[in-house]
Amino acid sequence: MWSNICAYKFPYLPLNFSSKQQSSMAHHSLLSLALLSFFFLASISNTNAGTITVYWGQNGNEGSLADTCSSGYYGIVNIAFLVVFGNNQTPQLNLAGHCDPTSSGCTWLSDDIRACQDQGIKVLLSIGGASGSYTLISAEDAREVANYLWNNFLGGQSSSRPLGDAVLDGIDFDIEGGTTQHWDELAKALSEFSGQRKVYLSAAPQCPFPDAWMGTAIATGLFDYVWVQFYNNPPCQYSGNADNLINSWNQWTTIEAGQVFLGLPAASAAVGSGYIEPDVLVSQVLPSIKTSPKYGGVMLWSRYYDNGYSAAILSSV
């Protein structure tokens, strides 16, 4: 950007020229400066443009995955959750009232997944969640879970793919229990499959820094997206002002990751605390955090609670 500005050649003005020439050349110079300012401001705007990510799958009344993507609000959708895995357990998907994966009742979602991807929207599988039976007991266990995810949701092959034959774009780590160990080994094992087909990795840590469950995994630097949950944690969430939130944000943007997102509830009813009104978010929070080169956008919990929130902030994200 700056090299193009420095290289711009303004027209040479001779020492002797008529008033008509002077007026014409001044007009062209002003026009050139106006165009230069336009492209400069446009480049800044593009640099700060973010994406809204949303979680889908935990309420049967939130509408379909296809409708979620066609709304035009989201750039990434996390299908939530794979709630059982690891320690030799049979993996189990929970999609609330949407479908029953235990009887192959969710394979029709492949059409919705492909419809999202055809619009340029990434669709990830979120593993873990606030409740569930998941853990990793060893590096080998992590490798086995990675192989299961690759073969059943990503670019591998299996006769029992819970969501059908659509290939998801990656895996989201929403680890809030089980163990603090081996998540780094799971991330490494999944990233190795990117040699065959890109596997996007994301994480949803709590805002206290570093995250108690996934700190070691995030420290691998393998995550493309980290959407930090700035809610249900008063020391680092919005509480009448944005000071604590922004201080925590500045810590999180020091990590080695592709992009960092501001994770928020889409309604006050979605969480215990930490809800930010859309106008407050736009005026008090986004202007500060968007200055970070790691800024990626806003993550919302969840599609069910998003009844106008994403629409209100979309142009500012």
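This short report walks through the disulfides of a predicted model.

A disulfide is a covalent bond between the sulfur atoms of two cysteines. Searching the whole structure turns up three disulfides. If you count the bonded cysteines along the chain, they pair up in the pattern 1-4, 2-3, 5-6. Here are the pairs with their geometry:

| Pair | S to S distance | Torsion about the S-S bond |
|---|---|---|
| C69 and C116 | 2.0 Å | about 95° |
| C99 and C106 | 2.0 Å | about 105° |
| C207 and C236 | 2.0 Å | about 75° |

Let's start with C69 and C116, whose sulfur atoms are 2.0 Å apart. This pair links distant parts of the chain, as C69 sits in helix 3 (residues 65-70) and C116 in helix 4 (residues 109-118), 47 residues apart. Are these cysteines buried or exposed? C69 has a relative accessible area of 1%, so it is buried, and C116 is buried too, at 0% relative accessibility. With a torsion of about 95°, the disulfide of C69 and C116 is right-handed.

Next comes the bond that joins C99 to C106. Both of these cysteines are buried, and the torsion of about 105° makes the disulfide of C99 and C106 right-handed.

Finally, look at C207 and C236, where the torsion is about 75°, so this disulfide is right-handed. What does the pair tie together? C207 lies in the loop between strand 7 (200-203) and helix 7 (215-218), and C236 lies in the loop between strand 8 (225-229) and helix 8 (243-252), so the bond ties together parts that are 29 residues apart in sequence. C207 is buried, with a relative accessible area of 1%, and C236 counts as buried at 5% relative accessibility.

Key:
Residues numbered from 1 in each chain as written. Predicted model: local features only at pLDDT ≥ 70, side-chain atom pairs only at ≥ 80, totals over all residues. Heavy atoms only, no water. Disulfide = S-S within 2.5 Å. Helix = DSSP H or I, 4+ residues; strand = E, 2+ residues; numbered from the N terminus. Buried < 20%, exposed > 50% of the residue type's maximum accessible area, 1.4 Å probe, protein only.
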